[in-house]
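These notes are for a colleague opening this structure for the first time.

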Amino acid sequence: MRRNHSTTPRTARVLGSLLLVAAAGVCAVGTAPAAPAAPAATPTPLDRVVPAPASVKPGGTPYRITRATGVRVEGSAEVRRIGAYLAGILRPSTGYPLPVTDHGAGGIRLSLAPGDPGAEGYRLHSGADGVTITASTPAGLFHGVQTLRQLLPAGVERRTVQPGPWPVAGGTVEDRPRYAYRGAMLDVSRHFFTVAQVKRYIDELALYKVNELHLHLSDDQGWRIAVDSWPRLAGYGGSTQVGGGRGGYFTKADYREIVRYAASRYLEVVPEIDMPGHTNAALASYARLNCDGVAPPLYTGTHVGFSSLCVPKKVTYDFVDDVIRELAALTPGRYLHIGGDEAHSTSHADYVTFMDRVQPVVAKYGKTVIGWHQLTGAHPAKGALAQYWGLDGTSAAEKARVAEAARKGTGLILSPADRVYLDMKYTKTTKLGLTWAGLVEVKRAYDWDPGAYLAGAPASAVRGVEAPLWSETLKTSADIEYMAFPRLAGAAELGWSPASRHDWNAYRARLAAQAPRWDALGIGYYRSPQVPWPKR
């Protein structure tokens with residue numbers, strides 16, 4: 001990670017500076033006057049953040065965070081927790097105490113107030129006396145805090161004391177999301193990622209106001225969640241991964257910790273158990289799940305479409321009921337994803353039978369179904385969401401089927417693979433990633449409109465955008481970050497910002513301004529030639 005590793009105490013640095021100034025004054029007797037002090041840092045303009053805010057009104061005197069600044073919280077214990085989160089970001093880099101209090105004036109003020117911003121909207125006002133963030137919900141306050149972070153110099157993200165100063169431009173931001181569902185998917189099945197690695201990704205998602213974390217927990221190469229009633233799923237089915245390396249799985253305590261941490265950043269976890277295809281890890285773990293009663297070997301390759309649960313067998317539905325029951329009990333969020341893609345080894349009739357039987361099980365345990373858009377080839381349950389992952393070049397018939405389901409009430413999450421699959425290579429020379437959906441440079445990932453993408457689907461059916469990251473070629477957090485950044489920021493903006501703010505040329509300038517922040521956070525990213533990055 002790129003970090004500033006200076007450990008010089010701030011007071012010692014200040015004292016040393018004063019001594020140098022004094023010495024310079026003695027030496028300067030009879031010489032030309034000293035040069036004037038450097039001008040104060042120019043505050044970051046209010047509209048230079050990602051995602052682009054809905055409304056920005058610049059003006060007035062900037063506020064500067066100083067040693068006297070406090071974080072005043074008004075409202076619930078949850079507001080205090082958000083204040084403590086903000087102070088925890090600011091203290092290491094500023095060196096200031098930044099007490100979190102419920103009294104006092106000025107400084108940074110966080111408050112809940114009924115109003116118009118909606119469930120996740122906020123209002124941020126900055127002036128000479130301080131910065132005030134108001135929202136009608138804690139989630140809105142948290143998103144406002146992310147905007148404040150981006151309005152401060154990038155050095156605020158470092159974990160050692162930086163020189164400052166810490167100005168916040170004067171004016172008002174009024175902001176709210178375009179879509180309620182703004183997601184990112186992490187595939188922990190092809191390669192396993194630890195709780196700590198998932199938490200790191202959660203923090204990165206939160207900075208860009210992403211609010212849904214879709215975890216792909218099962219596939220041919222690995223089963224990644226403990227299921228008490230079927231213990232070999234994790235113990236045996238989770239023992240390997242692509243390439244044959246050691247796999248892993250989340251215990252129930254691990255999964256609860258991910259859910260808790262995500263909630264603290266206002267992300268909802270959406271667990272996925274992919275079925276009836278992509279199930280070799282389960283089939284290898286239990287012979288009775290196979291139609292012939294013979295368990296296949298564990299699989300460490302990357303081909304798809306060869307596995308299927310045995311649709312006619314009763315035990316299949318006992319298995320599905322047990323897995324969904326236990327996973328739903330661990331998941332406080334609204335959704336449970338049942339996959340449904342690339343079931344090439346399942347006949348169409350069996351696929352329809354299976355999906356029609358499984359969706360009511362999800363409802364029985366209090367969750368809303370999400371499935372990949374192949375779900376529309378069966379009978380989507382009332383309220384179900386279909387996640388579209390097709391390409392610009394996907395057949396007109398398939399697109400029409402999805403659009404028809406949308407017109408009949410099925411909600412859509414848009415994840416077109418040749419736009420927002422973060423595992424696609426940027427260029428032919430990208431060392432990581434795949435190319436089956438094409439090459440996806442930064443402009444291509446950003447320059448499309450979710451509301452008008454799928455012909456024939458009403459804009460009102462679009463619930464949001466999700467950027468999936470499949471892990472066939474990814475093994476480390478550095479791999480995740482290189483493929484996600486900078487494209488993740490674009491997907492987040494498509495989900496949050498109003499369509500009227502969509503402009504590639506303006507976006508690429510704002511995106512370039514994120515680079516010093518990523519450097520400060522230790523995020524390695526792809527320096528696309530399409531973006532005017534600052535020189536290092």
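1. The model is predicted. In the lining of its largest cavity, 2 residues are nonpolar, 2 are polar and 3 are charged. The residues concerned are Gln197, Arg200, Tyr201, Glu204, Ser477, Ile480 and Glu481.

2. Two helices deserve attention here: α4 (195-207) and α13 (477-484) each contribute at least two residues to that lining. The top contributor is α4, with 4 residues.

3. On extent, the largest cavity holds about 30 Å³ of space. Searching the whole structure turns up 1 cavity of 30 Å³ or more. As background, empty space is located by rolling a probe the size of a water molecule over the atoms.

4. Turning to the cores, the largest nonpolar core has 146 residues. Which of its residues touch the most other members? They are Leu110, Tyr201, Trp223 and Phe319. Helix α8 (residues 314-330) supplies the largest share of this core, 9 residues.

5. In soluble globular proteins, nonpolar side chains tend to be buried together.

6. Setting aside neighbours within four places in sequence, Leu110 is in contact with Val71, Arg72, Val73, Glu74, Val79, Ile82, Gly83, Ile133, Leu141 and Val145.

Definitions and conventions:
Residues are numbered from 1 along each chain as its sequence is written. This is a predicted model: local features need pLDDT of at least 70, side-chain atom pairs count only at pLDDT 80 or more; totals for chains, interfaces and linings use all residues. Side-chain values use heavy atoms; hydrogens and water are left out. On a 1 Å grid over the protein atoms alone, a cavity is a set of points where a 1.4 Å probe fits but cannot get out, and a pocket is an open set with protein on both sides within 12 Å along at least five of seven lines; lining residues have an atom within 4 Å of a point. Grid points are joined across faces, edges and corners, and a volume is the space filled by probe spheres set on the points. Ala, Val, Leu, Ile, Met, Phe, Trp, Tyr, Cys and Pro count as nonpolar, Asp, Glu, Lys and Arg as charged, and the others, Gly among them, as polar. A nonpolar core is a set of buried Ala, Val, Leu, Ile, Met, Phe, Trp, Tyr and Cys residues joined through side-chain atoms within 4.5 Å. Buried means under 20% relative accessible area, exposed over 50%, partly exposed in between (1.4 Å probe, protein chains only). Contact means heavy atoms within 4.5 Å.
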